[in-house]
Amino acid sequence: MLMAECVLKVNNLDAFYGDFQALFNVNIEVKASEVVAIIGSNGAGKSTLLKSISGLIKNHTPMVEYKSIKIGSYRPDQVSKLGIALVPEGRQLFPSLTVKENLLIGAAANRSSGSEWTIERVVELFPFIAERLGSSPADLSGGQQQMVAIGRALMGNPDFILFDEISLGLAPVIIKSIYKALPNIIKGGVSAIIVEQDIGMAKSVSNRLYCLQEGRVSLSGTSSEVSFEQIRKAYFGV
Amino acid sequence: MDWVNAVLQGILLGGLYALFAAGLSLIFGVMRLVNIAHGDLIVLSAFIGLTVTEVLGLSPFISLFFVIVFMAILGYFLQRTLLNRTIGSDILPPLLVTFGLSIIIQNVLLEIYTADSQKLNAGSIETQSIQIFGEINLGVLPCIMFVTSVLIIAGLQHTFYRTPLGRAFRATSDNPEIAQIMGLNKSHVFGMAMALSLVVVAVAGIFLGIRTSFDPSIGPGRLIFGFEAVIIGGLGNLWGTLIGGILLGVSQSIGAQINPGWQLLAGHIVFLVVLAVRPKGFFPRVEG
Amino acid sequence: MKNSGLEVRSFSRVSIIFLALLTLLVFILYLAPVWGSRSDLRLLSEFLLFLTLASLWNLLAGFAGMVSVGQQAYLGFGGYFLFAAAMFLGINPLLCVPIAFIFGTLISMPVAVLIFRLNGAYFAIGTWVIAEVFRLSFAQVSSLGGGSGSSLPVVVVKKIASDKTLREYYSFWMALTLAVLVLTFIYFLLRSRHGLALKALRDSELSAKSVGVNIWTTKFLVYIFTAGATAATGALIFLQKLRISPDAAFSVNDWTAFVIFVVVIGGIGTIEGPIIGTIIYFILRETLAD
């Protein structure tokens, strides 16, 4: 078993939408400074997993453990204050807020950590934002919105970031440039879970990966060692 | 000249109606909740002001601060314990609960204060007037109230668009789920919105009590004026609400000038006409 | 078409028995003048009229999704219509009831066009404003007593029947017939194609639209029917009271609050809900009155 310091543990997680069970007995671990990828087909439960971790779906308390605190039944704002940030599926910037206000609201939890994120630092990461601070999110392209959404999550000074399908609907060139910024985003001991449809990309940016299939973990392993053949089998449940 | 006077009086009255409307509009904007008890809360504020002035011997203007604090706390508490539970996709629960609240408030007030007409006494300032254009006399008090209303609406605008709290309001209104991920406690944000709304309600209630006589039953009428001002002005726009209030006040004033019994009807008819030709109001900003 | 062995039966054996019992009950009720005292008749009348009101509100809000706190507009309208038609046109008051239905339906049409521009809770308050407009307008009509209202002259009342007991029988039967008609109509409406459209509409307007349900027309038809039937009920209520005034006719607390209570207690969106709710309301009222 893994002996290194474990920051996030998901223990035997069952997740439900009403009566519909989306996750069955899922076990995941993420260590400090680690990037873990979650892959799987649509409906496999990847977003459900992130929602359970971030508190948008309530579960039994011991099912999610962060830095030894059992947070399964925490409210999303409580989870956020602990240092877990979510970059939600579909970006979901606030339409009534300008780009700058979207970034500022990311800091609403008033958290400080080792690395202090400011608007200036976010602009260093994604320079185009400097000119768009007063714009409405609707005026931005998909890729630009995604970058603002990431910046918004960073403004909360998180120690742990959940990226939910950030490449969805974006051109390959844009996706590449976003992932190029990833090391800058998570330097300083930040851990991350990346939900990603593109398997090649998932393998190349992560230390380890899990594959979900119909709500269950069908594969887990070190990204560099896992073969495409293994992934294919786990993906489709063959 | 009578007509000019009527229009001016109507504008000043409109400031009060804008206050009725502003609290209503704020709540709807932040949490899509229409508080049927809104008018009764205004009347409640007037009665609390009455008690404070009688017990502490203060002028209504000083007692205003006590009433504001009381209503703000009441609003926060009411939202977090009761109204937050009713918010959801079904419009019936909040309607029923606030309707029930309205009836409860009216009956409680009836029990404590009886159905007698009351008035807040602001002293000599009530009869002072200033002269303009040589012939028109404007009451000092209505002018002060109008200016205060404008300042309050400006204050609300400032809060909404230039403060972290306002940011929280807008974000939570846009997307309550994702707003929580930013660290905003939805229950708390809604509670603060209701508290702010009831601060405005408190001022409206005291102004109402000074301006006219009041009794436990007039709440629903105030709700309707506030509602009409919101619709005329356009949903989601606080300055529009001011215009709406003014238009309503002027309509009523002109109607009263034609025939005293037509005051209310004139206002309703103007409302219906606006509904017919400009259903989204004059300056709409959000979807109803 | 080959019989696939599956049958869709609208009337099961249980429901036929139930229907028979129901018919028997209605028949017994029509005979109430025989077995009931005058106060029994009065109570039953009141119960039936309130039941009709509650069922109509339930149709509007529970099934068509239109929450109205202003149905008293049509209630009062029906009452005033009967008084005006009976006093000024000399029409038999009982005949005024179905005519009130027609005129209630007519006047609700422009109202519907106006207030359908509002949604949700704002629609509700809009209906309230309409009721206020009705109240203020009728208070202006001095020939109907203005703000203090008027009583129905004896000579007009005697047009129903010269004998008091017979008048009470006629009123009772009218109330019973109205209730039976309205409830039967609602029942068959909900089982029909239009009822299906209504349920779809209630669940999701957008989805209903996407399968071709004409939302506006459906809502409009339900609204004007409910208005007309409420007007007819109002006409009968004030006929029995023999007195009308703007405050009594258009009171929010009297009518709407009652209706909401009944429907919430009895359950909204079901046919039997208003029945149960009205029964509970009357039990409570009679026991607490002691």
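Student: In which sense do strand E1 and strand E4 of chain A pair?
Tutor: This is a predicted model, in which local features need pLDDT of at least 70 and side-chain atom pairs count only at pLDDT 80 or more, while totals for chains, interfaces and linings use all residues. Residues are numbered from 1 along each chain as its sequence is written, with chains lettered from A and ligands numbered from 1 in the order in which they are written. Strands are DSSP runs of E of at least two residues, helices runs of H or I of at least four, both numbered from the N terminus, and two strands pair if DSSP finds at least two bridges between them. E1 (residues 6-17) and E4 (residues 64-66) of chain A have three bridges, and the sense is antiparallel.

Student: Which residue in E4(A) is the bridge partner of A:Val10?
Tutor: Strands of a sheet pair through backbone hydrogen bonds, either parallel or antiparallel. For A:Val10, the partner in E4(A) is A:Val64.

Student: Which element gives the largest share of the side of chain B that touches chain C?
Tutor: Residues are in contact if their C-beta atoms, placed from the backbone, lie within 7 Å, and this contact takes 21 residues from chain B and 21 residues from chain C. On the chain B side, helices H4 (92-113), H9 (219-233) and H11 (263-277) each give two or more residues. The largest share, seven residues, comes from H11(B).

Note on methods. Two residues are in contact if their C-beta atoms, placed from the backbone, lie within 7 Å.
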